[in-house]
Amino acid sequence: MENPNYTNPVERRMKQKQTRKAHFIINATLAAKESCEDPFDYAKGTIKETLTQLAIGTSFQLTPLGVLESRDMAYGPFETRTKANFIIPSELNEKGLDWQGNKWFIGEVPMIWDDYMQPNYGIKRVYRCAECENIQMFKGSCSKCKGEGRPHIKTMEIKDWGEDF
Ligand SMILES: [Zn+2]
């Protein structure tokens with residue numbers, strides 16, 4: 001007699017695969033720019049609507065998240081929140097904004113792709129002075145401020161995704 005609770009390893013793995021999550025990181029400020037909604041509310045709404053549309057069989061490219069992804073306002077699929085977070089170009093200030101004034105939001109959708117995206121950990125970094133906005137290529141206190149007699153002004157690391165520097 002068959003044990004009703006029995007699941008073979010292959011079956012179990014397939015089930016796990018079905019419930020795997022894909023993390024997308026959304027530049028919420030940029031995405032919400034053309035609406036009058038709060039950036040986080042807008043991003044949450046995007047994920048909710050995307051889940052609804054995926055459930056009825058809409059292809060990802062046509063969902064709100066797919067559209068943001070094609071416009072470089074969302075990135076993924078990442079396996080973990082940590083990997084998704086790597087896309088944020090700088091540390092966040094006390095208001096939760098990156099150095100360009102953007103808020104970021106991570107949402108989860110089912111993993112429907114063959115492979116996760118890997119962040120480019122080799123991305124070029126530059127360092128921006130909090131006071132004079134000087135950009136330098138090396139870590140540590142600002143060399144321009146130092147030259148002007150202020151030796152210990154902090155710099156912030158920026159990942160140069162846009163090849164701006
Ligand atoms: Zn400086």
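**Note on the predicted model**

1. Strands β4 and β5 form a hairpin that leaves five residues between them, and E133, which lies in the turn, has a positive phi of about 65 degrees. Strands here are DSSP runs of E with at least two residues, helices are runs of H or I with at least four, and both are numbered from the N terminus. Residue numbers start from 1 along each chain as its sequence is written. The model is predicted, with local features needing pLDDT of at least 70 and side-chain atom pairs counting only at pLDDT 80 or more, while totals for chains, interfaces and linings use all residues.

2. The domain assignment, automatic or from a database, gives domain 1 (9-110) and domain 2 (125-159), whose centres, taken over C-alpha atoms, are separated by 32 Å. Four residues of domain 1 are in contact with five of domain 2, contact meaning that the C-beta atoms, placed from the backbone, lie within 7 Å.

3. The protein chain has six helices and six strands. Its radius of gyration, taken over C-alpha atoms, is 21 Å, well over the 15 Å that the globule rule (2.2 Å times the number of residues to the power 0.38) gives for 165 residues, so the chain is more spread out than a compact globule. The C-alpha trace spans about 85 × 40 × 25 Å along its principal axes.

Technical notes. Two strands pair if DSSP finds at least two bridges between them. Two residues are in contact if their C-beta atoms, placed from the backbone, lie within 7 Å.
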